[in-house]
Amino acid sequence: MMTRIPYFSVIVPAYNAAGLLPRSLAALTASDLPRDCWELIVVDDASNDDTSAIAARFADTVVRLPGRPNGPAYARNRGFEVARGECIVFVDADVCVHPDALQRFARIFATEPDVAAVFGAYDTRPDARTLVSEYRNLLHHFVHVQCAGDAETFWAGCGAVRRDAFQDAGMYNEWHYSTPQVEDIELGHRLRARGYRIVLRPEIQGTHLKRWILRDLISTDLKSRGVPWMRLLIQRGAVTSTETLNLRAREKLSTGLVGLSVLFLLIAIVQPRTLWFALAGGAVVPVLILNASLFAFFVRQRGVLFALATVPLRLLFYVVSGASVPLGYFLHETVGEPRPDTVVEAFAEVGQRSWPPVPMRPVSDRPPSSSRS
């Protein structure tokens, strides 16, 4: 007996993505999954370029959000509200999915009824061939391959979730995340907390079109990933217990050792003695050993020189990760949980309804219905 393929709604949030959509949407339309099995929804998050016009060439539905951009969490939720699919596929505007990606999602949902959400990985052929871009892309691919199987988180760059599970979990937390941060990771935590199964299948792949520069790499790892992730873990009380993706014991140990090396270097600046420099170098050696499999992967993919060139970038990653810990704690203690601006909070308190809608409060944050106007 043939297994029925669920109907998909593919949602692509886009902000000033006119230069990316011709490629990423064309990749979707080249999918192996028959076109009558899925719809394409592009949500233009208040772009000031031709994003909507270009999206209209490919999409079944284009949702144009006026005003100011509210971030991908908000945009994906607005796309979901007009979606008809039994399963929702989220694809970033700068990702060109492989032709078999939607077919693989469909096969998993059709044959594994206990799987509520699944996500894939970047491939090993990023569009930008600079050192920083290739390092970042290959690192992402390597981590996802190493962590294949059951997951505690979710990735919205190329991920899918059953409609009922997504709705039951409360959708993306658009209240807390008004810019691209860890909104997909946080969604994954809520799905898992409600007993849903999430799987990482790295054979589902897409090509990343983003061109990384060093400044963006540091800013993203600190402001958009490291600090928000640390605040999320503190809120969940899972700082030391999480063993997923970049938070495995090996990564925590490497972060601590690089932090120790930086401390020795700072002491060496004040007291320039050979001992401190030796200790700083000695603390880094175990980190290189712990990352041997990653560097071996880089060698296989791009050669020895490339692998050697990524060593400073890898150490920099641990420096930024280490800085995220105290910053995350500081913001948690002084500012509390991330919140929208005061205008949004004021409208939400009085139950303002408008289009586009005021960012919704998470279910856990919402007061009982009797206390709302």
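Colleague: Hi! Is Phe109 buried or exposed?
Modeller: Phe109 is buried, with a relative accessible area of 4%. Buried means under 20% relative accessible area, exposed over 50% and partly exposed in between, using a 1.4 Å probe and protein chains only. This is a predicted model, where local features need pLDDT of at least 70, side-chain atom pairs count only at pLDDT 80 or more, and totals for chains, interfaces and linings use all residues. Residues are numbered from 1 along each chain as its sequence is written, and side-chain values use heavy atoms, leaving out hydrogens and water.

Colleague: How many aromatic pairs are there in the whole structure?
Modeller: The search finds 14 aromatic pairs. One of them joins Phe8 and Phe109 edge-to-face, at 6.2 Å centre to centre with 90° between the planes. Rings of Phe, Tyr and Trp (its six-membered ring) pair if their centres lie within 6.5 Å; planes under 30 degrees apart are stacked, over 60 edge-to-face, and the rest tilted.

Colleague: And where do Phe8 and Phe109 lie?
Modeller: Phe8 is in strand β1 (residues 8–14) and Phe109 in helix α4 (residues 101–111), so their pair ties together parts 101 residues apart in sequence. Helices (H or I, at least four residues) and strands (E, at least two) are DSSP runs, numbered from the N terminus. Phe8 is buried too, at 0%.

Colleague: Nice! What about Phe298 and Phe306?
Modeller: They form an edge-to-face pair, 5.6 Å centre to centre and 85° between the planes. Both Phe298 and Phe306 are buried.

Colleague: Which residues form the aromatic cluster?
Modeller: Tyr135, Phe142, Phe295, Phe297, Phe298 and Phe306 form one cluster.
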